[in-house]
Amino acid sequence: MTTENINFDSYRRMVDQVLIDIRPYIKTEGEQLLGSLLAQVVIKNNLVAEEHIELKKAYKDLRQGFDELKLLNFELAKKQKEINGNNTKQFRNIKKRLS
């Protein structure tokens with residue numbers, strides 16, 4: 001579940017699921033409060049981890065696109081240099097003929 005899909009109700013359900021798992025270990029009211037906070041931390045940690053994975057994938061895709069763009073730019077620069085060299089040669093030949 002991504003952070004965009006989370007609303008208060010779905011967040012609360014996830015926290016309740018974690019609480020179900022830890023409830024047998026909770027004895028006092030203080031532990032109950034700490035258990036609720038722990039459940040929230042667990043859920044938030046999972047959400048951050050999922051977002052990290054998504055961002056890492058997006059960064060990888062972005063990096064790949066940038067590398068392809070750099071390669072294309074390099075190829076275009078080589079071709080432009082070749083064309084400029086040919087044009088310069090042709091202009092020199094024309095200038096020689098006109099002189």
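## Helix packing

Helix H2 (29–98) is part of what covers the buried residues of H1. Cover and packing rest on contact, meaning heavy atoms within 4.5 Å. Buried means under 20% relative accessible area, with a 1.4 Å probe and protein chains only. In the other direction, the buried residues of H2 pack against H1.

## Basis of the values

This is a predicted model, in which local features need pLDDT of at least 70 and side-chain atom pairs count only at pLDDT 80 or more, while totals for chains, interfaces and linings use all residues. Residues are numbered from 1 along each chain as its sequence is written, and side-chain values use heavy atoms, with hydrogens and water left out.

## The two helices

Helices are DSSP runs of H or I with at least four residues, numbered from the N terminus. H1 covers residues 8–22, 15 residues in all, and its C-alpha span of 21 Å is close to the expected 21 Å. H2 has 70 residues and spans 101 Å, close to the expected 104 Å. The expected span is 1.5 Å times one less than the number of residues.

## Buried residues and core

Buried in H1 are Ser10, Tyr11, Val15, Val18, Leu19 and Ile22. Those of H2 are Gly35, Ser36, Ala39, Ile43 and Leu47.

The largest nonpolar core has 8 residues: Tyr11, Val15, Val18, Leu19, Ile22, Ala39, Ile43 and Leu47. H1 and H2 each supply at least two of its residues, and the largest share, 5 residues, comes from H1. Such a core is a set of buried Ala, Val, Leu, Ile, Met, Phe, Trp, Tyr and Cys residues joined through side-chain atoms within 4.5 Å. Leaving aside residues up to four places away in sequence, Ala39 touches Val15, Val18 and Leu19.

Note on methods. Buried < 20%, exposed > 50% of the residue type's maximum accessible area, 1.4 Å probe, protein only.
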